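Here are my notes on the model, in the order in which I'd go through it. Have it open while you read.

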Amino acid sequence: MNPNLFLLVSVILFALGVLVVLTRRGAIVILMGVELMLNGANLAFITFARQYGTPEAQIYVFFVMTLAAAEAAVGLAIVLALFRLKETTDVDEISLMKW
Amino acid sequence: MEMLAFFVLAVLAVASALVVLTRRNEVVCALALASNLVSIAGFYFLLGAQFIGFLQIIVYAGAIMVLIVFVVMLLNLGEERYPERGRAQKWLAPILSLIFAVILAAVLWKTEPLGLGEPPPDFGTVAVLGRELFTRFFYPFEVISLLLVAAMIGAVLLAKRRI
Amino acid sequence: MSDFTFLIVSTLVKMGVAVGALMGSVAIMTWVERRLSAVIQFRWGPNRVGPFGLFQPVADGVKFIMKEDIIPASAHKPLFVLAPAVALTTSLTAFSVIPFGPVIELFGKKIPLVVVNMDGGILLAFAATALGVYGIVLGGWSSRNKFSLMGGLRSSAQMVSYELSMGLSIMGVILVSGTLRPFTIVEQQAGWFWNWNAFLGGWQFLGFILFVIAIFAETNRLPFDLPEAEQELVAGYHTEYSSMKFSMFFMAEYAAMTTASAMVVTLFLGGWQIGVPVPFEGWLLWILQIGAFVAKVGFFLFLFVWVRWTLPRFRYDQLMNIGWKGLLPLTLLNVMVTALLVAFGVVGR
């Protein structure tokens with residue numbers, strides 16, 4: 001199997017994650033787009049790990065997963081607090097600092 | 001046989017990512033993302049990284065996505081509204097993303113491929129990763145546990161109604 | 001036939017045996033639950049449909065198939081139909097790493113009696129249990145019903161909380177055994193019954209008790225079944241389900257019970273090891289070992305039913321307090337003490 005195929009899938013997932021962040025309006029869906037991007041990067045890491053046969057890249061993926069968990073928890077807490085204030089998660093409505 | 005598994009998993013992953021992109025109902029998006037994560041775990045198993053594959057299902061699909069699904073259901077959001085006036089973002093974002101993806105794919109394709117040879121026999125096992133984690137990567141390991149504590153405290157404080 | 005074909009065929013046969021055994025245990029458990037509860041409550045129980053009511057599961061099955069299948073008009077139809085399927089699939093998948101017998105010799109090849117013999121095997125059981133939360137959450141949300149939603153969210157919060165204690169309480173066993181492969185863990189518990197992991201072989205007395213409590217909460221069984229019998233009239237996340245979809249949730253719960261009992265038996269009580277040395281060899285020994293496994297799992301299923309009809313249920317805040325403030329510190333203590341014992345060579349295989 002050609003490892004470039006795995007990298008192609010990883011690039012497609014990353015690009016779709018970028019599209020989700022740019023296009024969608026719900027704050028939680030934007031967080032989901034960030035998770036998609038992180039997964040694309042993780043897939044590329046594991047492909048490289050398999051090519052070289054070393055465990056370092058898998059350790060990097062381990063840390064990326066842990067960080068993604070921490071970031072999702074804090075991000076969702078922020079979205080919850082914002083929802084209590086503005087009754088919506090639409091990022092276009094959260095324009096408190098615009099003039 | 002492996003090509004068949006790869007093809008099925010790739011179709012599943014890309015299709016569920018497209019569902020996340022297009023559907024207006026946030027619960028359906030969350031479930032599509034969960035199936036995307038499980039198919040990526042399938043990729044990890046195909047590449048031989050078993051421990052990371054199991055961790056992906058247990059941590060990512062089984063904990064992080066459950067958290068996101070919880071919050072979506074608790075907030076009880078309706079369908080997402082369409083923007084009021086026409087925006088350039090609707091056609092500009094896909095074109096720029098496509099250009100970005102093409103550039104990235106070209107860069108990755110040009111690198112010297114080593115090919116997926118035979119990995120060492122204990123490639124993705126828990127023993128190897130555990131050993132690395134507690135010897136070479138001991139310092140990042142301790143730092144990330146501190147970071148998790150900080151994230152926990154932060155999340156609880158931010159979501160509390162009255163401090 | 002070639003090695004690869006033989007592997008595929010033997011795995012398919014083992015899968016068939018495992019799924020058949022699980023579904024059979026589900027059917028038997030419906031009868032056992034009702035007769036045993038009757039014995040505990042000093043009444044008759046089902047005794048109409050055959051001698052001692054033994055055909056009651058058949059009658060139940062026919063009833064579930066014949067009932068009208070109602071989908072509420074405002075429910076989200078795709079997810080409503082998907083939820084019981086997810087619940088049942090994950091319950092059946094978790095059984096695939098449980099070794100239900102020794103290495104048998106058939107057609108000249110050695111076959112270990114476990115469906116999946118991966119290196120990180122026990123993690124597959126936890127992965128499947130983690131994905132089982134989705135079935136409940138989806139069932140609760142897609143019914144578009146406030147009671148179902150609250151019941152589903154409460155149940156999944158409970159399952160996620162006790163998943164932690166479940167995973168940590170087997171950490172002691174993994175430290176003592178040095179491997180994550182359930183087949184090796186069972187093979188190490190050979191010999192007399194005090195060599196099992198829960199007794200002097202692994203010193204996991206505390207881990208054993210904590211794991212049993214955690215699996216009671218994971219499978220939503222009394223005394224932790226508030227999400228199911230919440231308002232006592234409204235049945236939590238499976239309120240709006242009828243006929244075959246309800247019975248799929250039902251089957252998923254009993255299959256999860258059987259899988260959890262099998263996990264306890266494998267990790268702590270020696271799996272298919274008989275516990276006393278017997279002077280047999282070959283097929284007689286293998287059948288005795290499979291029988292020992294079935295007997296131990298049966299004992300734990302009996303324990304599930306016995307505890308259900310004896311203890312009152314916990315209130316929801318008591319339940320969460322027990323999970324986070326009671327079980328979790330105790331499991332961490334168990335891991336620390338076991339790690340110290342293994343480091344100083346007191347236990348270990």
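1. Starting with the layout of chain B: the centres of its domain 1 and domain 2, taken over C-alpha atoms, are 23 Å apart. Domain 1 covers 1-79 and domain 2 covers 125-163, with bounds that come from an automatic or database domain assignment. Bear in mind that this is a predicted model, in which local features need pLDDT of at least 70, side-chain atom pairs count only at pLDDT 80 or more, and totals for chains, interfaces and linings use all residues. On labels, residues are numbered from 1 along each chain as its sequence is written, while chains are lettered from A and ligands numbered from 1 in the order in which they are written.

2. Which chains share the most contacts? Among the two pairs of chains in contact, that is chains A and B; two residues are in contact if their C-beta atoms, placed from the backbone, lie within 7 Å. Chain A and chain C have no contact joining them, and their closest C-alpha atoms are 15 Å apart.

3. On the A/B contact, chain A puts in 56 residues and chain B 66 residues. On the chain A side, H1 (3-23), H2 (27-52) and H3 (56-86) each supply at least two residues, and H3(A) gives the most, with 20 residues. Helices here are DSSP runs (H or I, at least four residues), numbered from the N terminus. By class, that side of chain A has 43 nonpolar, ten polar and three charged residues. The classes work like this: Ala, Val, Leu, Ile, Met, Phe, Trp, Tyr, Cys and Pro are nonpolar, Asp, Glu, Lys and Arg are charged, and the others, Gly among them, are polar.

4. Turning to the B/C contact, 16 residues of chain B meet 18 residues of chain C. H2 and H3 of chain B each supply at least two residues of the chain B side, with H3(B) giving the largest share, twelve residues. The chain B side divides into 13 nonpolar, three polar and no charged residues.

5. Have a look at H1(B). This helix has 21 residues and reaches 30 Å from its first C-alpha to its last, close to the 30 Å expected at 1.5 Å a residue (the expected span being 1.5 Å times one less than the number of residues). Ala13(B), Ser16(B), Ala17(B), Val20(B) and Leu21(B) are buried. For the cut-offs, buried is 20 or more other C-beta atoms within 10 Å of a residue's own, exposed is 12 or fewer, and partly exposed is in between, with C-beta atoms placed from the backbone. Seen down the axis, the buried residues of H1(B) fall within an arc of 150°, so they line one face of the helix; the arc is that of the directions from the helix axis to the C-beta atoms.

6. What do the buried residues of H1(B) pack against? H1 and H2 of chain A, together with helix H2 (26-47) of chain B. The face of H1(B) turned away from the buried side carries the exposed residues Met3(B), Leu4(B), Phe7(B), Val8(B) and Val11(B).

7. Glu2(B) also sits in H1 (residues 2-22) of chain B. Glu2(B) counts as exposed because it has 9 C-beta neighbours inside 10 Å. Leaving aside neighbours within four places in sequence, Glu2(B) contacts Met1(A) and Leu46(B).

8. Met65(B) touches Ala30(B), Leu33(B), Ala34(B), Leu37(B) and Tyr60(B), not counting residues up to four places away in sequence.

9. Glu87(A), in the segment after H3 of chain A, has a positive phi of about 60° although it is not a glycine. With 10 C-beta neighbours inside 10 Å, Glu87(A) counts as exposed. Phe52(C) has a positive phi of about 60° and is not a glycine either; Phe52(C) is found in the loop between helix H1 (3-40) and helix H2 (56-66) of chain C.
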